[in-house]
Amino acid sequence: MLLLTCPCCGVTAEETEFAPGGEAHLKRFGPGSSDADYESYMFNRKNPRGVHFERWRHAYGCGKWFLAARCTMTLEVFGTYPAQTVEPPAEIVAAIKAKRPEWEGFA
Amino acid sequence: MSDMAVSALPGASYAGFVTVAEAGLRGMISLRGDVAAGWMTDAVVAATGCAIPAQRRVERAGDMAVAWMSYDELLILCDYAAAPALAAKLGDLLSGQFATVANVSDARAVFTLTGAQAGDALAKLCPVDFGTLREGDIRRTRAAQVAAAIWVSGPEEMTLVCFRSVGQYMFYLLSRASAPGSEPKLYA
């Protein structure tokens, strides 16, 4: 079971109260970008075995989007943080590094 | 607005190990805007007499209550007949601000669960640890397949708010969950 803490309302709940929103921190390539960039933005997603950054929405709670860092293998959640964040904040990166020293960092 | 307003399931009640009762017509106003802003506090206090509730709390004053729904949404509970005037008053107080006021009384159904084991009945339906809720807390969650807001409104009373369109479903759920002999005895 995946337990997430919503940073907007502070509730810790299991995943059926949330709706998944796919990979976080995508960089948008819109009009004027190359076909390869656009294709990558539209279709190519990371699928790591380990640390992953995701978007979630507290669908049955406060209704807000937020971001979560978790391990896809163990379902361990390293932290959740506001959706208005362009890259993983320092404290989340530190929490991941503490538990997964071999993690190569956010790229 | 019709003079013949009726609630979702007039008079529906079920006596199991907790008593489930449809609460009848309740006034409800949805207020959206920055809950932390000073102008919001001024308007809410002036209109309802209630303070701005802290995160996931409900503030009461007289027959009115203000519930924290998210950092940009408050739910004002009041008398059904008073809701249109209160919504209009809030609209005046908040004119020019980035906020919306909507009278949602007819869009909702309200159920009251009475009994020491109200949390046990709801624990069958909701992914919530009811042991962590105190009186005056409100928790938005799901009950089986539909959204619900559960307010611990008294020492042995919980008030559940859901959409009116799922009122019948919610009543069946709550009745089934509180059937005598099926007490999970988790909290009481």
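Q: How many Å apart are the C-alpha centres of domain 1 of chain B and domain 2 of chain B?
A: In this predicted model, local features need pLDDT of at least 70 and side-chain atom pairs pLDDT 80 or more, while totals for chains, interfaces and linings use all residues. Residues are numbered from 1 along each chain as its sequence is written; chains are lettered from A, and ligands numbered from 1, in the order in which they are written. Chain B is divided into domain 1 (13-25 + 107-177) and domain 2 (27-105), with bounds from an automatic or database domain assignment. Their C-alpha centres are separated by 22 Å.

Q: Which strand gives the most to the side of domain 1 of chain B that touches domain 2 of chain B?
A: In chain B, 9 residues of domain 1 are in contact (C-beta atoms, placed from the backbone, within 7 Å) with 10 residues of domain 2. On the domain 1 side, the most, 3 residues, comes from residues 138-143 of chain B, a DSSP run (E, at least two residues) named strand S9.

Q: Where do the buried residues of helix H2 of chain B lie around the helix?
A: Helix H2 (residues 83-93; a DSSP run of H or I, at least four residues) of chain B has Ala83(B), Ala87(B) and Leu90(B) buried, with 20 or more other C-beta atoms within 10 Å of their own, all placed from the backbone. Seen down the axis of H2(B), the directions to their C-beta atoms fall within an arc of 65 degrees, so these residues line one face of the helix.

Definitions and conventions
Contact = placed C-beta atoms within 7 Å. Buried ≥ 20, exposed ≤ 12 C-beta atoms within 10 Å, placed from the backbone.
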